[in-house]
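Hello,

Here is the structure I promised to pass on to you.

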Amino acid sequence: MSNFVLIIFCLLAGILGRRFGWVPKDGYKTLNAWVLYFGLPALSFRFLPYLKWDEQLLFTMVAPLLVLLGSVAFFYVIGRLFHLSKRTSHTLMLVAGLSNTSFVGFPLIQAYYGADKLPIGIVSDQTTFFLLSTIGVIIAVKGSLNKNKQVTAGYMLKRALRFPPLVGCVLALTVPHLIDIGFLDEFFVALSSTISPIALFSIGLQLSFGIVRAEMPHMLYAALYKLVIGPALVTALALLFGQRGEIIQVSLFEMAMPSLVGTSIVLHEFKLNTKIGNSVIGLTIPLGLLTSYLWFVVFETFFM
């Protein structure tokens, strides 16, 4: 219960902080920097050295790809039916196809499944970022107004190597096998415990409910795919192949998260439809807090 109180409190604190100007306009960037450069790497060092490989983690890594590819197919059809511009359809592919596996996902995993299941979330999150930096960038370029922008393997590699959580993940999987850093366990516990309140407060500061009336149907399609169709797709595949257990549950739960806040950076960088993209992100976060509970009940029922 305390985890849900924390989620609601931090989100409301962020919304009120933005409304009353308690935090500078771009203050969320400082909070995000703390989470990205310190909190998430510390979380990797807290859990990954003790993670035992399970073949079901392959599903954890494949699920985000399936949801993203499903989004590409879904909004290709929607774009053709409603004569959307490539700029808008590709925006919707990104915001509906990538899940907020860390900033929202980690607090909700703790609330529903317990902190000991966070390593599964880390695997899902790193896969999601890899997809954003590769397939996501390609989708963005294809729909970009900047037709001269080129995507090279070096460009994508540079983006990946500059992402602190990914660097932290690699170090957490290697350093403990070279030297004993067990004496730092409590330090990593303390540092990683800052992620949930700071990340949720940051999301509250960034929540945008600006609605473009003419684009409301497209936003609803994006929310429908992100929160219902996408999770249902991977859930059906898991049932089809007889996958069960907590790893599968948490992996599916991460796919039911709202839209990835980080996609807004890519939308801006490649001059996509940032207004509708940010509106979808703002719409799916509060809705996702509700639908995630329904998906939790489904997973507890069918995947025990």
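Let me begin with a helix pair: α5 and α12 cross in a right-handed sense. Please keep in mind that this is a predicted model. The two helices cover residues 105-112 (α5) and residues 246-255 (α12), and their axes come within 10 Å, crossing at roughly 140°. That angle makes α5 oblique to α12, because only angles over 145 degrees would count as roughly antiparallel.

If you want to select the contact in your viewer, take G105, F106, L108, I109 and Y112 from α5, which meet V250, F253 and E254 from α12. Sorted by class, this contact holds six nonpolar residues, one polar and one charged.

Next, the salt bridges. How many does a search of the whole structure find? The count is two, and K117 takes part in each of the following pairs:

- K117 with D116: the closest N and O atoms are 2.7 Å apart.
- K117 with E246: the side chains meet at 3.1 Å, N to O.

Through shared partners, D116, K117 and E246 are joined into one network.

D116 is exposed, with a relative accessible area of 52%. E246 has 43% relative accessibility and so counts as partly exposed.

Finally, two backbone spots for you to check. Most residues other than glycine have a negative phi. H83, however, has a positive phi of about 55° although it is not a glycine. You will find H83 in the loop between α3 (57-82) and α4 (86-97), and its relative accessible area of 70% makes H83 exposed.

K271 is another non-glycine residue with a positive phi, again of about 55°. Its place is the loop between α13 (263-269) and α14 (274-302). Is K271 buried, exposed or partly exposed? With 46% relative accessibility, K271 counts as partly exposed.

Best wishes

Conventions: Residues are numbered from 1 along each chain as its sequence is written. This is a predicted model: local features need pLDDT of at least 70, side-chain atom pairs count only at pLDDT 80 or more; totals for chains, interfaces and linings use all residues. Side-chain values use heavy atoms; hydrogens and water are left out. Helices (H or I, at least four residues) and strands (E, at least two) are DSSP runs, numbered from the N terminus. Buried means under 20% relative accessible area, exposed over 50%, partly exposed in between (1.4 Å probe, protein chains only). Axes are lines fitted to C-alpha atoms, for helices over the stretch in contact, and angles run from 0 to 180 degrees between N-to-C directions. Angles under 35 degrees count as roughly parallel, over 145 as roughly antiparallel, 65 to 115 as roughly perpendicular and the rest as oblique. A crossing is left-handed if the near helix is turned anticlockwise from the far one by less than a right angle, and right-handed if clockwise. Contact means heavy atoms within 4.5 Å. Ala, Val, Leu, Ile, Met, Phe, Trp, Tyr, Cys and Pro count as nonpolar, Asp, Glu, Lys and Arg as charged, and the others, Gly among them, as polar. A salt bridge is a side-chain nitrogen of Lys or Arg within 4 Å of a carboxyl oxygen of Asp or Glu.
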